[in-house]
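Subject: A structure for you to explore

Hi there,

Here is the structure I promised to pass on to you. Have a look at it first, and then read my notes below.

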Amino acid sequence: MPPSWPLSLNLWRMIGQRCSIEGLISLASTCRDLYTALNTKHVWKNLLMDACEETGVIAGTYNIEEMTLQDIRQALRRPQTWSTLVSRRPARYYPTFDGTIPKASPMVQMRKALYEQMTPGGRFLTRVQDINQTFTLQMFRLAPPAEAHTIRLPVIVAEHVIQGNCGYPLKVTSCTTRNTVLVSLTWHDTKLYHSFVYHIVPSTETVWRIFAQLTFTHSPDIVDICMTCEYIHFDLGDGYVLSWHFRDTKALKWRKCGRTSPIRLIAHPQAVLMCLPDRIAVFSHSSLASRLSIPQEQHEDYLALTPNDVLPHPGFHAVACDLPSTPRLNPTPQNPLVFDLSIGSSKQPFSIVEVQDAGGGIKLELRRVALVGEIGLDFNLQGQRRIVMKRTSYSDQNPTTESTALRAKRYERQVEEDVHPKGRVDEYAWADFLP
């Protein structure tokens, strides 16, 4: 007998594709006909693609066309954004996983790296290795997210030896778009700084390519570098900045007005942010764009700029600003830019979110983060190390923390550094969580 409601099953499928995961499950449980109509791979595939878009997961993370309906449903019910855990480095923090307990992979050994960053979604791993002052840029493919709990050694996708650095120290940062990984490598010789941007589409390409390069003079050393998918900002110290729009090969030397030195420079797709003790000064990329020129035409003097907006700290003065979960993607509402502001000996996490202003435009807003997760190593009563997740709630004035051991093989080695025939190694495990 045909269903008694006036809408066709095709219309119900279209409605289901616009539901949340919980809403689709609830709608499908209404009756047998709706369950049959909505419990299809096509409906759930679109939901997974939307979830990847909302959380900034890079393309190629899921082989959606090869996944079964059960695989897709499992991917949507499990955490969607992944992290990397390096056993001998500071723990990683995450802004909003909503209390989900992730699974963790068994540990694997990899040679120590100068720099590393996992792509959003956890499928690819960017590393820069320093072997006898020869620097190599690498891209590894990891196990699919649905197989986090299995032992899968990372597979090399692309490898490129950095030429011309002559052993000088590198400054490395990276950024991820929906399908591309961009990596910035900067070093100096006796006279000049050299900055290169490399890019790769890890799901389809096997070669790192040079996207842009810049040579400039500066003394003393660069303090820090931050990056978006269009800009690299070189923090030159005391509020002086060199902003390089590497897609248009243009740059701007500028400084902030006033004497207060910034604590940190932070890159956001909409603007470069200067964190000051009592506020965050916002210098929009659109305001910088009109002042850009080719690097050869840059003046010696730095242009003094006033911020386009100011985000005051809520009732305190910060002494430090840390980026424990530096996003290597363009932030999304589900996966925002998050940083810690230090107030004395304590830290308070904040996020930068985009909101609509009264005129219909977009402005940035500073918001407190209520729940933070930390994945790290801990000791049990037997003295064995294990992977744990610590969840800290900042809803009250006094933060509260609870810990949960993740389901991973216990790590029973000694704390001292291991020595490997090919050099020092670190132990890695991957854990997924819900943003």
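Predicted model: local features only at pLDDT ≥ 70, side-chain atom pairs only at ≥ 80, totals over all residues.

Let me start with the whole chain. The protein chain has six helices and 28 strands. Of its 435 residues, 50% are buried. If you take the contacts in the chain with a separation of 6 or more, 55% of them are between residues 24 or more positions apart. The chain exposes about 21500 Å², and carbon and sulfur atoms supply 49% of that area.

Now to the hairpins. Strands β13 and β14 run antiparallel and are joined by six bridges. The hairpin of β13 and β14 has two residues between the strands.

Which residue takes a positive phi in the hairpin of β13 and β14? That is D238, with a phi near 60°, and D238 is a residue other than glycine. You will find D238 in the loop between β13 (231-237) and β14 (240-245). Is D238 buried or exposed? D238 has a relative accessibility of 63%, so it counts as exposed, since the cut-off for exposed is over 50%.

Strand β14 itself is mostly covered, with five of its six residues buried. β14 also pairs with β15: these two strands run antiparallel, and six bridges join them. Within this pairing, L242 has K253 in β15 as its bridge partner.

The hairpin of β14 and β15 has four residues between the strands, and here T249 takes a positive phi near 50°. T249 is not a glycine either, and its place is in the loop between β14 and β15 (250-256). T249 has a relative accessible area of 44%, so it counts as partly exposed; that class lies between the 20% and 50% cut-offs.

Next, a sheet to trace on your screen. Four strands form an open sheet with antiparallel pairing, in the order β16-β17-β18-β20. Its edge strands are β16 (264-268) and β20 (309-312), each of which pairs on one side only. On average, neighbouring strands in this sheet are turned by 25° against each other, direction ignored. Inside the sheet, β17 (residues 271-275) and β18 (residues 279-284) pair in the antiparallel sense over five bridges. To find your way along that pair, look for V272, which stands opposite F283 in β18.

S351 is found in strand β23 (residues 346-356). Why does S351 count as buried? Its relative accessibility is 7%, and buried means under 20%, so S351 belongs in that class. Which residues is S351 in contact with, leaving aside its neighbours within four places in sequence? They are P336, L337 and V338, together with E365, L366, R367 and V369.

How values were computed
Residues numbered from 1 in each chain as written. Heavy atoms only, no water. Buried < 20%, exposed > 50% of the residue type's maximum accessible area, 1.4 Å probe, protein only. Contact = heavy atoms within 4.5 Å. Areas by Shrake-Rupley, 256 points an atom, 1.4 Å probe, with all protein chains shown as cover. Pairing = 2+ DSSP bridges. Axes fitted to C-alpha atoms, helices over the stretch in contact; angles between N-to-C directions.
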